[in-house]
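Please open the structure in your viewer and keep the sequence panel beside it.

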Amino acid sequence: MTESATPDKELSPAWVSALDATRQSTVLFVVRDVAVRTTDRERIAQSLPLARRQTRYPESVHWNPYGLAAGHAGIAVMCSYLDRCLPGEGWDAVGHGFLAEGVTALEDRGPKHAGLFAGLGGFAFAVESLSRSGDRYQRALAAADEMLAPQASELAALLDTTRSGMPVSAFDLVSGVSGVTAYLLKRDSLGVLSDVLTALVHLAEPSRDAPRWATPPELLLSESTRQSYPSGQLNCGLAHGIPGPLAVLSLALQGGYEVPGQREAVRSLAQWLLSQRVEDAWGGGWPDAVPLTPTGRPAPGGAYGATRGAWCYGTPGVARSLWLAGEALDDGALRAAAVEGITSVLRRPPELRHLASPTYCHGVAGLLQIVLRFSRDNPSDTLADASTGLVDQLLAAYDPERPFGYASREAANIGVDRAGLLDGAAGVAMTLLAAATETEPVWDRMFLLS
């Protein structure tokens, strides 16, 4: 792997808030309240049985002490950002407590897998986030790296040797190689980054039939997905699909990390996504997935149409991955396609974005964070106004009668009280804080946005 200094280019503009003083004050009040609630261990414990009764998907409600998405590690990351934005309020010590409990749980149970959102990769991300660029927690960081490195290499080897179809969990951001790579781009003390980048590059190798990363029906995540895609699919979501490898390969190039074929892989994956764009009354957008035919090839013109305006699935996440590719390759056409994509989402009336929840994964907070990133990279009145409008949506959804101030909405009449980053109130608080302060939200690397 070659490693070089980042190419000379204009320095990124400073992170600034587009909010007026009144909104900033309101946001900070809400954020502090939500932060106090989501760091209340007793409240978290009491919410779990309640949430399992509230939700239509009780199997999805859990709390993993060393987990990033729904666990102590994620709360620790929130605290690290609170400490940077609101120094002197004690959030660093609160985060340390959650991190220490995560260490204990990891030592007691051992890591089940290396994944970023619920495994060792996410815990390592949390330790690094609180480490102040490695000045603290050096023993914990070294221990996490020693456990993670062999697992990362095994994931890369498995990905590299699978030639005809695979589950998305092999390569995606949530559980797979892309998520582990997101951490390794921050810290690669044992030198395994080249292995995972090489495996991701090979994922993009040309194929006569379906791409190597196609998912056959028997490996799809749920029965409902198998019914919708009886011959399998090509996943287009940033959370579980090919935009994840595209984004992380692009971020590696921007950071000066490159293995043979990496630029060609970025170009190939970006062009494939562009070929799947569908048009509607609001502009161009991307589907959740492209179906495969019974012969195993992508269905001609088979995209089912643009979907919700979310981070996990839909146009915003795809657009951000294309922007990162455009930056990595210095390709103005890719950057323009990305801006058009996010603008098409913002043209839609809020009720047509299919974002019932205020939360991050498939809700308003995730869209807001993507818009904030685009607004920083490509400032415009349209993006600034959209940021303000999305903040207002989140402020309107704040409900102090709920245990955490925000509930995850599965439908208009179904609210689920969750504390965590991905589907809970902590993720909303962090995004609101990013909108209201001048402290860059570097934590959004875990969502492959920067």
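Which residue forms a salt bridge with Arg263, and how far apart are the closest N and O atoms? Select Glu258 together with Arg263: their closest N and O atoms are 3.2 Å apart, a salt bridge being a side-chain nitrogen of Lys or Arg within 4 Å of a carboxyl oxygen of Asp or Glu.

Before going on, note that this is a predicted model, in which local features need pLDDT of at least 70 and side-chain atom pairs count only at pLDDT 80 or more, while totals for chains, interfaces and linings use all residues. Residues are numbered from 1 along each chain as its sequence is written, and side-chain values use heavy atoms, with hydrogens and water left out.

Colour the pair by accessibility next: Arg263 is partly exposed at a relative accessible area of 35%, and Glu258 is partly exposed at 24%, where buried means under 20% relative accessible area, exposed over 50%, and partly exposed in between (1.4 Å probe, protein chains only).

Now select Arg267 and Asp331, whose side chains meet in a salt bridge of 2.3 Å, N to O. Arg267 lies in helix α11 (residues 262–275) and Asp331 in the loop between α12 (315–329) and α13 (332–347), so the pair ties together parts that are 64 residues apart in sequence; helices here are DSSP runs (H or I, at least four residues), numbered from the N terminus. Arg267 is partly exposed, with a relative accessible area of 33%, whereas Asp331, at 13%, counts as buried.

Move to Arg277 and Glu279, where the salt bridge spans 3.7 Å from N to O; Arg277 is partly exposed at 33% relative accessible area, and Glu279 counts as exposed at 57%. A further selection, Asp83, Asp92, Arg132 and Arg136, shows one network joined by salt bridges that share partners. Over the whole structure, the search finds 25 salt bridges.

For the last stop, select Asp145, Leu148, Ala149, Leu184, Asp188, Ser189, Leu190 and Val192, which line the largest cavity. On a 1 Å grid over the protein atoms alone, a cavity is a set of points where a 1.4 Å probe fits but cannot get out, and lining residues have an atom within 4 Å of a point. The volume of the largest cavity is about 40 Å³, and helix α6 (residues 138–161) gives the most to its lining, with three residues.

Methods:
Helix = DSSP H or I, 4+ residues; strand = E, 2+ residues; numbered from the N terminus. 1 Å grid on protein atoms, 1.4 Å probe; cavity = no way out; pocket = protein on both sides within 12 Å on 5 of 7 lines; lining within 4 Å. Points joined across faces, edges and corners; volume = space filled by probe spheres on them.
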